[in-house]
Structure formats: C-alpha cells, structure tokens
Amino acid sequence: MTDHELKLTLAMVVLFLPLLAAVGIGLGARRWRGLSAGLSLGATVIAFVCSLILFIKFHGAPADIVPATDAAFHGIQWLQLGDFSVDFAALIDPLSLLMMLIVTTVGTLVQIFSLAYMRTDAGYSRYFAGLSLFLFSMLGIVLASNLLLLFIFWELVGVSSYLLISHWFEKPAAADAGKKAFITNRIGDFGFLLGILLVWQLHGTLDIIELSNIGAVTTAAGLLIFCGAVGKSAQFPLHVWLPDAMEGPTPVSALIHAATMVAAGVYMLCKLFFLFTPDALVIISWIGGITALLAALMAIQQNDIKRILAYSTLSQLGYMVMAVGCAGPAASMFHLTTHAAFKALLFLGAGAVIYSCHHEQDIWKLGGLRKKLPLTYRAFVTGALALAGFPLMSGFFSKDAILAQAFMANQPLFYLGVAVALLTAFYMMRCVLVAFHGEPRGEAARDAHEAPGEMTGPLIFLSILSIGLGWHFFGLNDFLLNKNIWLGTTITGAVIPNEITHTAHLAAMISGTIASLAGLALGWVAYRGVKQDPLPGMLGALARGMRDKFYFDELYAWLNRWTQERLARYADCFDRWIIAGLGVRGSSGAVDLTGCLLRLVQSGNLQTYALLLALGLLVMLTFFLF
Amino acid sequence: MTDVGLEHYLVVSAALFCLGLLGVVIRRNLIVMYMSLELMLNAANLALVSFSHHQPPSPHGSPLDGQIMVFFIITVAAAEVAVGLALIVALYRKRQTTDVADLTSMKL
Amino acid sequence: MSPLTYIFGWPILMALVLMAVPRENRSVFRWGAILATLGSLVLALFVFAKFEPINDLTSINHGYAFVQTAEWIPSLGISFHVGVDGVSMLLVLMAALVAFAAACCAGGIKAREKEFSILLLLMTGGILGAFMALDIFLMYFLHELALIPTFIMIGVWGRGENREFAAYKTTLYLSLGALLALVGLIMIYLHYETFNLPEIIHRVQSTQPDLMTTGQQGLIFALLMFGLGILVGLWPFHTWAPLAYGAAPTATAMMHAGVIKKFGLFMIIRVALPILPDGAQQWLPVLAWLCLGNLLYCGLVAMRQRDLNGLIGNSSVAHMGFVFLGIASMTLIGLTGAVMVMVAHGLLAALAFALSGHLHQQARTLDMDKLGGLLTVMPFWGTLLLMALLAGCGLPGFANFAGEITVFFGAWKTMPLITGIAAWAALVIGAVYMLRAARQLLHGPRADDAPHTEDIPGWHKLPFIILLGALLLFGFAPKLLTNKIETARESLEHVVEMYKRK
Amino acid sequence: MDFLFYIFSALTLLCGALVVFNPFSRNPVTSAMFLVLTIICMSGLFVLLKAFFLAAVQILVYAGAVIVLFLFVIMLLNIKEEERQRFRKFGTFLGAAAVAGLAWILVTTVTSSRAGERSLANNAGETKPLGELLFTNYVLPFEIVSLLLLVAMVGCILLSKTPDTEDTNDIEEETE
C-alpha cells in the first residue's frame, strides 16, 4: 500500500465511520441503547486510532490531497458543471492531522464520559447518533480540500450542534438555545458564503492548495471568510449563542462548545491564513481581543458553573483569534490544542459535579465539594490552573506564545491580553473557591458522592494532558513552528511563523506569570470563605453589567424586533392588505362594482330600454356617419 | 323654395319617425306606445313609397318594388298589432295595468 | 412506441378505466391510482437509467431522446411530439416520484373517491406529458389537463371554511396566467406557423434569427414571463399560493406545489429563453429584482405565519426565487442550478405537504400556537418534519442545498448585490422561519389541551421515505442530477450564447 | 302640387305630434283618433306619390282595421287617462335629447345626400302593374304573408282567450 493509498483509506475510515454509526443508529440500532452507544463509541475509537496512526506516520509530510484528482483514483466529483467543479477529496497536511487527533481524542473521552452521564436519559440513542453526526461533520471540516466542501461541513456542524443543544427539547430554554445557536451561526455563514463566492470570482478556484499558491488578494474576501469564524467561534459581535448553548448536556458542551466545534473557526483561520491581508489581520486581531476582554469580564459575575466555563471559552477563543490576527497562527493552534485539553477537562469536571449534585449548577448552592469529590476536585483544579496560565502548566506555554506574538505585532493588544490573563485567573479562582471550598450551601452539595469510573477516567487522562501538553517533551510547539506545515507560506513568503524575538518571549513570560499569579491571589483574597459574592458591592453597576452580559442579548433582541421582525410584520401586512387586499380583492371588487352599476341599468323598465336603444342608435350613427 | 322632391318626403318621414320614437320613449301607456310604433312604421312606409316614386328606371327590378315592400309592411303591421294587442289584453288581465312603469319583472 | 408515451398515457388510461368502475368499490380507486402511478414511476426510472446523453443538436431529433411523433392537427401545425433531454428527464422522474407519493397519501379522502382518483390520475398524466412534450400546443394542452383538476379538487375536497374562496381565487389567478402565456405562445405560432418546438428553436438559432423584432420579442417574453410567473407564484402574483395550499387536500397540494408549479419555470427555460433571446435581454433584469420579492419578502411573510401550511406555502413561494435567480443569471451554472432547485423543491414541497397533511388529519388543526412537543408523540413524523424543515433552509446533504449553492455560483459574477441579498434570505431568513416552526411544533412542552395525535403507521411511511430518500440521494450525489443536465448542456449553452451575443 | 304636399305633410306631422303628446288630453282614445288623422293625411301623401293602391290600403287597413282594433282594446280594458304623471322628467329630457339628436342626424344625412338630384319622378303607381308584380315575382312572399296572418290570428285567439282556472297558477308571474 503506498502512502497515498494508506492516507486515503485511513482518512476515509476516520471520516465516514462516525457517519455510518449515526446512520446505523438512526435506521434501527436506536431501539437498543447499548448497541447505539457501542456503535458510536466504537466508530470514534477506531477513528482515534486511525488518526493517531496517520499523525505519527505523516506529521512531517507535506500537504496532500486524497484521492488525488489526477492519480489513479479519480477524484470523486461532488458536482461538476462546465468550469465549475467541486471535488470530494481530503486535504491531509500536518495541521489537519493535528486537528483530527484533537477531535477524535476529545470525542472518545467525551463519549466514554457520556456513557455514565447520560445513562438515565430517554434520548440515549439519539444523543449518541447526534455525537457521531457531529464528529463526522467536524472531521469533514478538518479534512475538506476546498472551500465549498468546508462550507458544507461547516453547515453540518451547525446543525449537529443544533440537534445536540436542543437534545432536551421539551425544555423551552434548550429548544430556544438550539435555535439561537443555529441562526446566529447562519448569520456568520452568510458572510462566509459571500466570502467563498468572492474568492471564487477573484481566484477562479476554491481548491485550498491552489488558493494557497495564489495568496491573498483583497481584504474584503478575507474579512467575509472571517465572518464564518466569527459565527462558529462565537466572536464578538456574534458571541451571544455560546453561553445559551450550555443548555445542552454537559459532555456536549465539553466536546462541541469548548474543545472542537468552536475551535473550528480558529482552525479555519489558521488553515486559510494565506487568504488574509495585513489589513484584514488587524481587524481580526482586534475582534479577537475585544471578545477576549468582554467575555472575561462577563465570566466574573456568572453563577452557573457551566456559564462561567462558557464565557471563559469565549474569552480563550478571542485569544486564539487575536493570535491569528497578530500573525501567529502557530501560537493560535498551540493554544487551541492545550485549550481543547484543559477546557474539555473543566467541562467534564463540571459535568461530574453536576452529575453528582443532581443537576445543580449554581456555584453558590454548591460548596464544600473538595472533600466529597476529591478526584473531581483535583482534576478541576488542574484544569483551572492550566486555564489560568499557572507556570509550567500547558496553558502557561500557549498563552505565552500568544502574548509574545501580540507583543511583537500590536502592543495595545499585548496589554489587553495580559489583563485578560489576570481576569481569567481571577474568575477561575472564584469558581474553584466557591464551588469546591467552604461548607456545602445546598441540599444537593451535601448529598454529593464521587462519579463512576467512566467519568473519572477521562478526567484523569485529560488532567495529564492539561499539565504536560505544553512541555517541550511533547514537541507540540516545535511541530507548529515548523514552516512546512503552513500552507502557502513558502510561496508567498508570508510572515508566519514569526521568529519570536527574545525580548518578546521574555516580556510575555514575565507579564503572563505575574498576571496569572496576581489573578489567583486576588481571587483567593476576595472569595476565601465568603458566603456571598462581594463583587457587586464593590463594583456596583459594572458588576450588574457583567452579570447581565452587558445587555447584548437585549440589544440584539431589540435590533431584531426593530428591523427584521418589523420588516416581516410590514411585509405580512402588505401581503394581507395591499397585495391580497387592495390588489387582488380590489380588482375583483372593481369588477363587482361595475357589475352593480350596470345592474342599475337593468331596471326592467321597457322605456329605459327603449331610451337606451335610441341612445345606442344615436351613438352608432354618429360613429359611423361622422 | 325649390320643387318638392325626394328630400322633402324623406325629411317628413324622418320627422315622423322621430315623433314615433319619442312617443315610445316618453309615454308610459303601453297602448299609446304601440300607436307610436305604428307611427314609426308609417314613417318607414312613407320613405319607401317616396323612394319608389323617385327611382329612375333601371334594368334591375321594377320601381314598384318599394311599394310591394310597403304592402307587406302593412300586412305584417296588421298581424303585429293584432298579436300585440292580444298580449296587452292578456297582460292587463293579469296586472290590471297598462303602465310600463309597473311592468318591471324583467329587472335583473 | 416510445416509453415516454406509456409513462404519461398509463395514468390517463387508468383514469378512463376507473370511470367505468362502479363507485361502490372504494378500494379499487385507491389502489388503481397507486398502481398507475407506480407503473409510471417504474417506467420513469427505467428511462432515467437508459437515458443516454445525446449532445448533438444537429441530429434528427435535435438532441432529444425517446422521441415519438404523430400527426395530430396538421392544418394548424400541431403534432403529437414527445421526447426528453437531460432537463425534462429529471422533471419527469421527479413528477413520477411525487405522483406515486401523492397517490399513496390520498388515503385521507373519504368521500367521492372515484372522482378524486380519476382527477389525480388525469393530473399525473397531464403533467408528466407536459414535461416531455416537444410540441408547444401539446405542452400547453397537457398542462391545462393537469391544472384544471386542481381547482376542482380544492373546491370539492378542500379543507377549511374558505376553501371555496381559495378555489375561486386560484382558478382566477392561474387561468389568467395560463391565458397570458397562451397569448404569447400563439404570437410565437403566428410568426413561425408551427408548434414544433425543436424546429422553432433551430430556426431561431440558425436560419431565421431575426424573424421577430426586438419589440415583438419583448412583448412576447413579457407575456410569457408574467403569465408563467403567475403560475409559479412570481412576486407580486403569489398570494394565491399560500391560500390554495392551505385549503387543498394533501395529494393535490403535493402534486401542485411539487410538480405542476414547476411547469411554468420549465416552460420559461424550454420555450421563452431559446426562442426569445432579445426579449430575455430586456426582461431578465426585471426578473432578477422580482426574484428578491419572492426570496426576501415571502420569506419575511413566512416568518409571521401561525399556520403550518401558510408557512410551507410561503416558503415554497420563496424557494421559487432561487429558480428565478438562476434563470435571470443566464449562465450555464445558474440555469443548471435552477433545474436542480426545481427538482429538489418538487420533492421537498411534496414531502412537506404530505407531513402537514398527516398532522392535519391527526390534529384537525395546523395552528402552531396550539401544538407543541410533537417530537415525543410522533417521533417518525417529527424527525421527518425536522429534516424537511432543515432541507428547506438549505442544509447540505439535501438536494436543495446543491441547487441553491449552484444558483449562487451562477448568479454571483453578474449580480453580486442581488445574490448577496438572496443569500441572506436563504441562510438567515430561511433558518429563522423554518426553525421557528420546528421550535413551536416539535420542541417545547406539550400543551395540556393538545389534540391527540398518532404517528404514521406501517406502510404509510413508504411515500415519506421515498421522497426523503430521493432528497438525500440527490443531496449527497448532486452529480446524478448534473450528469443528466449536462446532456442538455449544448442546448443550454446555445441559449446562453444567443443571449450574450445580443 | 307642392302646395298639397306642404299641407299634407304639415297635417301629418301635427297629428303625429298630437298622438304622442296632446297637451289637452291624456286619454288614449284621443291619441287613437289623431293616429287615424295621421294615417289619412299620409295616404294623401301617397296619392301625391302616385301610389294610389297603397293610399287606399292605408286607409282601409290602418284606419279601418288597426285603429278600430286599438279602440276596441281601449274600451275593452276601460282605460281612462294615465293616472300618474305622464312623463318622467329625466327620462323625458334624455329621450327628447336623444330623439332630437337622431332627427338632426337623419335630416342632415338626407339633405346632404342630395338624393333628389339623381332621382327622377316616375308615374309607375298604377294598381295593375302592382298586382302583376305581386302575383308573379312576389307570389311566394305573398303566400307566406298570408300564412303569417293565419298564425297571427291563431296567436290572438290563444292569447286573448280567458285562461282556464287550473292554468293560472302555472303562468303566475313572480312579482319579485
């Protein structure tokens, strides 16, 4: 088997096994819960193994499209029309291999975790079918070899996310959240689609490798493509859907809304980095920075443990996008990887807490879990420290890389990044202290007991990754700093990966460490042993704003009500009264009216008829004679 | 004043026709309307007769054709009057009126 | 004889046979209709499989396959002339699929089954024939044969209090549209003195390109565009559609929204564009803006609907906008996309109306405020509806997406602004109203006073599965569609070239 | 001769006008009597046109038969005067206008056609050639007319017969 064939086989196995599992569950296996879960998990594990083999074997190989369109395998044409053709093929380069590995790893762990977490759920089979469908679409994004294919899987990811968020569809909040997520994503996708069309018009191709040989052309195309990432990665101003998406089951939040799907936007930015002009990058970096800061501020005043994590995800995604904008896709992908590990850990940890405490999610009603759930506690603290960028944890290294990147590209963003790092450490400290320390503040917290092995196992595994992923031993950073793995850079001589200067490195490391420690310390001081949140008293209106997410939801609701809804109402009224009323009934009414008027003439009076006859005769004679 | 010719007769005929028409249009008694109809018929007769009288000789047909026509018109008019009056009688038996304003069952 | 003749002759023959059957034998009518449409479907699949690309316009049949000709009214240049190319082949297959599904879904009719079955079969035969006719008169005649039963069916078997008004309005609208189109067609006839479509096109494209002046072409094109546009629900002549579909019995709504409505579009592509390149030049920009009326405006109206059928009806009108956009783009890609949307939407509209028909049969209401949480009670139905709704908002994996994206690619280069607005309508507004329906009907808690509903039983699932299966098949492998359309590529390219040359 | 024409035509028109609107009487009998006078004056005009046979027939048939029939009916029905206002104001006005317009058209047409210039008075009004024509060229119409008279007679009898009591319900018209 040649390398090419091996790649093709493995990539197709990785891509299609989850789909087959989903279809299998949908077609019949759904009647047997165990079988459904087994199918889904089995497919994911095999996909994981294949990804691992692929990664180990090919992580140094250059980008390759399988099946190659010109090779013995004819490319599978998805659509072909004259000069417009879309081939179904996988683009396998080191970046996609890494992403595949992340997705399948987290996917496997989350599915194992779900075995226990969802055990009592009525929609058990449906849940696993959804997860499999999601993995299929996500891997499709990772492997897509051209932009349209990418868009297709992009949409499919959106719908599987919709299905999973509204898994508990009887709950109005969950159903609404799913809808909101889908529609908000669609707004981003609208820009994405226009971007694809523009790229097609300017470059004449959608194939990513061909595009990478051409490089960036206009800022507009890049920004439109970025819109897709804004939607999917929940960047400001389309960030509103992600916190609501926490209505879905917690493992789903871990997989989709922390580790993988929301990272797809960042992945896409990194992969298509060659499409962005420097102007576009500046805008991207600021959007990322703003998101990071806003989300970090909002996270401080959340009380729902999942929402805290959701805002922290937003904030970290902002970080990654900022890194891309600062011309550091390597740093961004590095952080994406470590974030996938520790955020999945945090979410699964939160899931374990929620599971143990009978679905109590308010941290002020928890407390004292340190002793009840020792394993979960340790795992959660590991994740929190990694997220806070505690020295020598994985998050520390990746955050440093981003800060160094920002230091070189854009000094104001560097300071913003440091501030976010401080806030991050602060709110994680708050979360840990309030939820795990002190005395139990609720019935649920008092009865808590440790979760079963299916749940703690993934926690332990992820803890190890969260600690060590940044170490030099793993070689992740070196791998990403290899120029060869970035598409288009060797040809266009683009700036990535930047050689990070020593000064930048030093500045980032020192300020990052200080910010992290200071944040943790502040959190310790403010929340140690408190029964109530002291912040609202100190910050007043600002704290209220943070708690209410700076009123973005209200603003959008208002905007929507005043634009689209209002337009819809006008259109409806117009339809009902003007077109159907005046236009249609009006013209039929005019005919009716004429009929009524003419009816008056039919008086039945002989003389009237005679008179009309005479008049008619007169008219006709006049007409003919003169 | 010129010699009395065809035009004079035709003008009289036209005037008589208009009088008849006026009667049909403005009188409401069915019988009087009927008489007005007779006036109109007679106007036509007059026109025909005067045309007949003033027709130059020609190989096609005889100048008397007009008079033949009038003859038939008179016959038909007699028949028509008979039937019409019979109808009026029948109608009067039913409705006790000969006023057309009361006869509006043709109304839509 | 050409198998095409059997495809559309078979249902009509069955209708004639059923006329002789006494009305007491109720099940005979039901099964007769199913059998006849199944026969057409099998034949259509056979023809679809056997269909060989003939990309040679100079051949005797002008690139059409399975041609059959017979004299009909020679003094007027009318002949019986059928044949298919890639475009009509797909529509015939789609029509046969939908007809079979509609016949299966006609079980809800409990009164006068005899007449219903006969009308349904006439409708099926008529529209199948209209898609394969190559004689303009035959085409029009068979379309009318299919159209007229619609009015009767709405009036007699319709539901709701205002079904008579609906029947009345639909009749007026559609007759007016058909009449305008007829005037245009007769004007074409007066110039060419034949109804033979390939011959006319041949003369326009090679021997007599200037037989009609630009002004005449503009007038005829306008007549055809608006006449046929009314049949399709071109904005602002669309208000009959939601009303009619709200009142029509399930099978009728499926057939009309799915298949018969496509005829107007088909005729624009088949007759108006090739014969009247100058007219197209004048009117297509107008059509491009009007299509936004469909996409954006009807989408917004659909957002406000409280009734499921109103929503589906409006969304169906909105989807026609994609086809208009594809036509107006006047590129090979755009036209192909338009045909793909026609096929995809035919299947989807039929599926959606079949589903809403089942709900209406169960719950006796389609008011979305009164229903909710149906996914728990009717899992199969609910899953299908969810998939139909998602297909309706253009989710990849369903044939609609493939068509819509192709239309966008076709239209983008010439009309970026319109395409951009259309994309907003497709991606965002479509998602808003479709998901709103899903949220209200399927999700959420079940109301306490919600009517009792049951899922689709046993073999009744068959038509739904067929329609959904076809949607998914063409969605995953749109090449199945484009391959066939590709065979008509030369004639389409000819049309596009004629258009560009002017 | 011209003198006679003017006298007869003036009398014809005057009596005709009195048939239609008589300022002194609304009685249909008066109208009928003036109709007789009109007919007689017209036969005078016929004589001037050398249509002697027609003049005779005119007096015999019209004055002798038709008008008598009218009078019979009037008396049979015992119609007195029109009880209500004789004319409707608006209708009268409109009718008069229409008729005036028509009269104007007819007169201008007649005068402008100059038909008289090409005409030539002939004297072919004798009864004998008329009878010859009637019984040779026009014998078929003549017979048909006789049949028509027969039909009219039957019709009159049928119509004016007092309906049987049982039939009355059938012909009962609905008065809305």
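How far apart do the closest C-alpha atoms of chain B and chain C lie? In this predicted model, the separation is 24 Å, and no contact joins chain B and chain C. Chain C and chain D likewise do not touch, their nearest C-alpha atoms being 29 Å apart. Of the 4 pairs of chains that touch, the pair formed by chains B and D has the most contacts.

In the contact between chains B and D, 73 residues of chain D meet 62 residues of chain B. On the side of chain D that touches chain B, at least two residues each come from α1 (2-20), α2 (28-48), α3 (52-77), α4 (89-113), α5 (115-118), α6 (127-136) and α7 (139-160). The most is given by α3(D), with 12 residues. By residue class, this side of chain D comprises 50 nonpolar, 17 polar and 6 charged residues.

The contact between chains A and C takes 39 residues from chain A and 40 residues from chain C. On the chain A side, β2 (76-81), α5 (147-165), α6 (172-203) and α26 (552-601) each supply at least two residues. Here α6(A) gives the most, with 15 residues. The chain A side divides into 25 nonpolar, 5 polar and 9 charged residues.

Chain B contains 3 helices and 0 strands, and its elements follow the order α-α-α from the N terminus. The radius of gyration of chain B is 18 Å, whereas the globule rule gives 13 Å for 108 residues; chain B is therefore more spread out than a compact globule. Along the principal axes, the C-alpha atoms of chain B fill a box of roughly 55 × 30 × 25 Å. Of the 108 residues of this chain, 57% count as buried. Among the contacts in chain B with a separation of 6 or more, 46% are between residues 24 or more positions apart.

The largest nonpolar core has 465 residues, and those with the most contacts inside it are Ala344(A) and Leu347(C). Helix α13 (residues 332-363) of chain C gives the most to this core, with 20 residues. Beyond its neighbours within four places in sequence, Leu347(C) is in contact with Met94(C), Leu97(C), Val98(C), Gly258(C), Ala399(C), Leu467(C), Ala470(C) and Leu471(C).

The peptide bond from Phe236(A) to Pro237(A) is cis, with omega near 5 degrees, and Pro237(A) lies in the loop between α8 (219-232) and α9 (241-244) of chain A. Ala327(A), a residue other than glycine, has a positive phi near 65 degrees. This alanine is found in the loop between α13 (305-325) and α14 (329-356) of chain A. Ala327(A) counts as buried because it has 25 C-beta neighbours inside 10 Å, the threshold for burial being 20 or more. Glu193(C), also not a glycine, has a positive phi of about 55 degrees and lies in the loop between α6 (163-192) and α7 (197-207) of chain C. With 10 C-beta neighbours inside 10 Å, Glu193(C) counts as exposed, since the limit for that class is 12 or fewer.

Definitions and conventions: Residues numbered from 1 in each chain as written. Chains lettered and ligands numbered in written order. Predicted model: local features only at pLDDT ≥ 70, side-chain atom pairs only at ≥ 80, totals over all residues. Contact = placed C-beta atoms within 7 Å. Helix = DSSP H or I, 4+ residues; strand = E, 2+ residues; numbered from the N terminus. Nonpolar A, V, L, I, M, F, W, Y, C, P; charged D, E, K, R; others polar. Rg over C-alpha atoms; globule rule 2.2 N^0.38 Å. Core = buried A, V, L, I, M, F, W, Y, C linked by C-beta atoms within 7 Å.
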